[in-house]
Amino acid sequence: MSIMKQQCVSDLENERKNCSFDKEELTNIVDGGVEKTQFRRRLEEYFLRDPQFLDSIGPDYMSHEDRYANELRKACHMIHKFSENEEINQVIGRPDGVRSIMGLGFLGALTRDGNPLQLHLGMFIPTLIGQGTPEQQERWLGRAVLGEIIGTYAQTEMGHGTFLRGLETTATYDPSTQEFILHTPTITATKWWPGGLGKTANYAVVMAQLFTKGHCYGPHPFLVQLRDEKTHQSLPGLTVGEIGPRLGMNTSDNGFLRFDHFRIPRTNMLMKHSQVLEDGTYVKPLSSKLAYGTMVYVRVGICFYSCHLLQKAVTIATRYSAVRHQSEMLPGMPEPQILDYQTQQYKVLPQIATVFALLFAARRVGDTFIEATTSMNKGNLAMLPELHAISCGLKALSSTDSTSGIDICRLSCGGHGYLASSSFPRLYTLCTATMTYEGENTVLWLQVARYLIKSYQAAKRGEVVGPSVAYLVGKNTTEIRADLSDAGLLGACRKSVCAIVAEVESRLQHLCSKGQDYHHAWNNMSVFLVKCAQVHTRYYVCEKYVQAIENLKLSDGLRTILRNLCRLYVVNHIIVHQGDFLRCGALTASDMKALEEEMGDLLAALRPQAVSIVDAFDLDDFILDSVLGSKDGNVYQRLYDEALKSPLNQKDVPDAYYKYLRPLMKANL
Ligand SMILES: CCC/C=C/C(=O)SCCNC(=O)CCNC(=O)[C@H](O)C(C)(C)COP(=O)([O-])OP(=O)([O-])OC[C@H]1O[C@@H](n2cnc3c(N)ncnc32)[C@H](O)[C@@H]1OP(=O)([O-])[O-]
Ligand SMILES: Cc1cc2nc3c(=O)[nH]c(=O)nc-3n(C[C@H](O)[C@H](O)[C@H](O)COP(=O)(O)OP(=O)(O)OC[C@H]3O[C@@H](n4cnc5c(N)ncnc54)[C@H](O)[C@@H]3O)c2cc1C
């Protein structure tokens, strides 16, 4: 073993010797239970050890087309393996089975930069489940699960992504043939972005403005065949293709689609919530927002997904920080592990704390989703506004925090973090996309703000409001300054959110009383409305974090670790946003000083456990896919080996030298 390798390996071994808790216990908590850990490990063994998921050369060195083909190969192999595995088949057979399989984070690692079948698995199948009638599911769902038909979700157009009511694609009912005529009237009506649409999918759920009997009833979902099932040729009457290279996700063949009076049978409208009868009569849904159901489902999924990406990033950064030695802390002494610098701890440890914050909050939103959909299936829509607001808020917060956390982790690895082989560029581009798709984050924050302001006004009138916003009026607003215990800090958060919401609402009213109409006043206050939504959602996350740790059955060793992480999360949030707390008197300057001191203590207390905590995420080296983050810490050898794989290194003198450099240098002419 080389001296360098020996040092890296023993650095990690030494870190692991410090472990003060039961790693397996923590792994079970991260997975959501002992059985879930065992299930995940069995499936990882089944998928990750299969050599067909290996790449012959790194995708970064492939052409656009080859990269797509390579990822498609792996994605199709993944579906084959689904159907060949008895355990997966049993799970898929259960009511929520498809969704629970899709939720397995490690599947994302099988394809590296965007899976051409992601939309098929993540949105097409869920839309059939959520928007299709039992007969429609009978017709398409089984075939879709087997991969006999591949679909996508085509909603966004070149001109409109956010403003759904502005979609221009039309679906006009023709009772004489009992067909819908799909049409793209303008260039801006071109469907634009759907994953897998370019070359992979032969079906799509298309969201189009429904016209019948001369009336427009807004966007509705239609099941549309795009390509011949035998030849894969695109069908006459439509034009489909790929939109070109993107910041990341370059193998998900995001596509465009145009219709020229393209006809589909009436029965291809997904009719679980609303129907068009044979004579063209429109049957209204219980709520027009039920057609938006798939988006709500995916927003909940993004909370888990972005957290998983952060989990990977912080595992890489933490292990690397334990292996990397740089500079002198004490003059003349050996170079310390960079993890010993407090500033490095402040980069890495809050990201570990954030992983748990997002995970616990995502689980609560997941529970709310199941509860709400169960009661919606019985016709009770009471929980819909609350579910919409919480899922929008947590999707926006998780995606933002994970994206910035991943970049902090990258920066914490210095220059090597900029290498593709570190995995950070891919993690970052995958994660930053979650801030845009499935509802651009600012737009989602404004949806949360709308719910907050309405609920606040309703609560002031004495009406009952949703559980997540019930705290906005009442004693929280006047709560006397609390101590710095967990309960005290949550009280301070509540007080500051209440103060911010009350102030913004009153300024909104003030603008209206000065003569501005409500919509202009809303726009003129929107920067602060976004802030209301952000502080409210942050409070939600902090509260769920504290509650999760109180409610979990934990050994003492692990309780100390998780409590310290939770404290770090809450205390750091308060320090970073201290203006909000000082402004309303929820905390004082001397409280801030005490919290800053506590934060230093927390960093020091957590530092020796950092490597063990990320080990407990139990992420296989294949999943991490990073020269900096592997379990054995053999960073330098891996860096070097990976560099040698560059095609430029296959020849000492590249061909481009003879073509361009040699004439310039006038060498040997
Ligand atoms: C791998 C990558 C995959 C990516 C895929 C994609 O990106 S796919 C593409 C993803 N694309 C996107 O994500 C597009 C993002 N855009 C949208 O989702 C919508 O256009 C919108 C929500 C921004 C506005 O919608 P709007 O103009 O129709 O509504 P409005 O603002 O006028 O409010 C009216 C009322 O409706 C309520 N309400 C709204 N939504 C929901 C809901 N889901 N549930 C329940 N309720 C909802 C709202 O609270 C309000 O209630 P109130 O106060 O009257 O009681
Ligand atoms: C990688 C990726 C994959 C995607 N996959 C799919 C897919 O599979 N299927 C699909 O249908 N779509 C897909 N999309 C499209 C995606 O859903 C939209 O891009 C997204 O919803 C944002 O809409 P937009 O592009 O119209 O942005 P815009 O709404 O035009 O946003 C531009 C700016 O305008 C601001 N803005 C817009 N409206 C408001 C408002 N009311 N108030 C304040 N500010 C506002 C936004 O905050 C933003 O700053 C994908 C996009 C990406 C990037």
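1. The model is predicted: local features need pLDDT of at least 70, side-chain atom pairs count only at pLDDT 80 or more, and totals for chains, interfaces and linings use all residues. Residues are numbered from 1 along each chain as its sequence is written, while chains are lettered from A and ligands numbered from 1 in the order in which they are written.

2. Helices (H or I, at least four residues) and strands (E, at least two) are DSSP runs, numbered from the N terminus.

3. Ligand 2 is surrounded by 22 residues, and Q155, T156, G161, T162 and T442 are the closest. The elements giving two or more residues to this shell are β1 (151–154) and α13. The largest share, three residues, again comes from α13. By class the shell around ligand 2 has ten nonpolar, ten polar and two charged residues.

4. Among the buried residues of α13 are N441, W445, A449, L452 and Y456. Buried means that 20 or more other C-beta atoms lie within 10 Å of the residue's own, exposed means 12 or fewer, and partly exposed is in between, with C-beta atoms placed from the backbone. The buried residues of α13 pack against α11, α15 (486–513) and α17 (526–551). After α13 comes G462, with a positive phi near 90°.

5. α11 has 29 residues and reaches 41 Å from its first C-alpha to its last, close to the 42 Å expected. Because 22 of its 29 residues are buried, α11 is largely enclosed by the rest of the structure. Just after α11, G414 has a positive phi of about 60°.

6. The largest nonpolar core has 177 residues, and those with the most contacts inside it are F222, A313, I352, A449, L452, Y545 and L565. The largest share of this core, 18 residues, comes from α9. A nonpolar core is a set of buried Ala, Val, Leu, Ile, Met, Phe, Trp, Tyr and Cys residues joined through C-beta atoms within 7 Å. Leaving aside neighbours within four places in sequence, Y545 is in contact with F356, A357, F360, C566 and Y569; contact means C-beta atoms, placed from the backbone, within 7 Å.

7. UniProt lists "domain: Acyl-CoA oxidase C-alpha1" at residues 292–453, a span that is 74% helix and 0% strand, with its end C-alpha atoms 22 Å apart. UniProt places "domain: Acyl-CoA oxidase C-terminal" at residues 489–666; this span is 75% helix and 0% strand, and its end C-alpha atoms lie 71 Å apart. UniProt positions are given in the numbering used here, feature names are shortened, and annotations may be inferred rather than shown by experiment.

8. Two residues are flagged for backbone angle. Most residues other than glycine have a negative phi. Q178, in the loop between β2 (170–174) and β3 (179–183), has a positive phi near 55°. Q178 is partly exposed, with 15 other C-beta atoms within 10 Å. D618, in the loop between α21 (610–615) and α22 (621–624), has a positive phi of about 60°. Is D618 buried or exposed? D618 counts as buried, with 21 C-beta neighbours inside 10 Å.

9. I57 lies in the loop between α3 (34–48) and α4 (64–84). I57 is exposed, with 12 other C-beta atoms within 10 Å. The C-alpha atoms of I57 and K645 are separated by 8.1 Å, although the two are 588 residues apart along the chain.

Key:
Expected span 1.5 Å × (residues − 1). Contact = placed C-beta atoms within 7 Å. Near = placed C-beta within 6 Å. Nonpolar A, V, L, I, M, F, W, Y, C, P; charged D, E, K, R; others polar.
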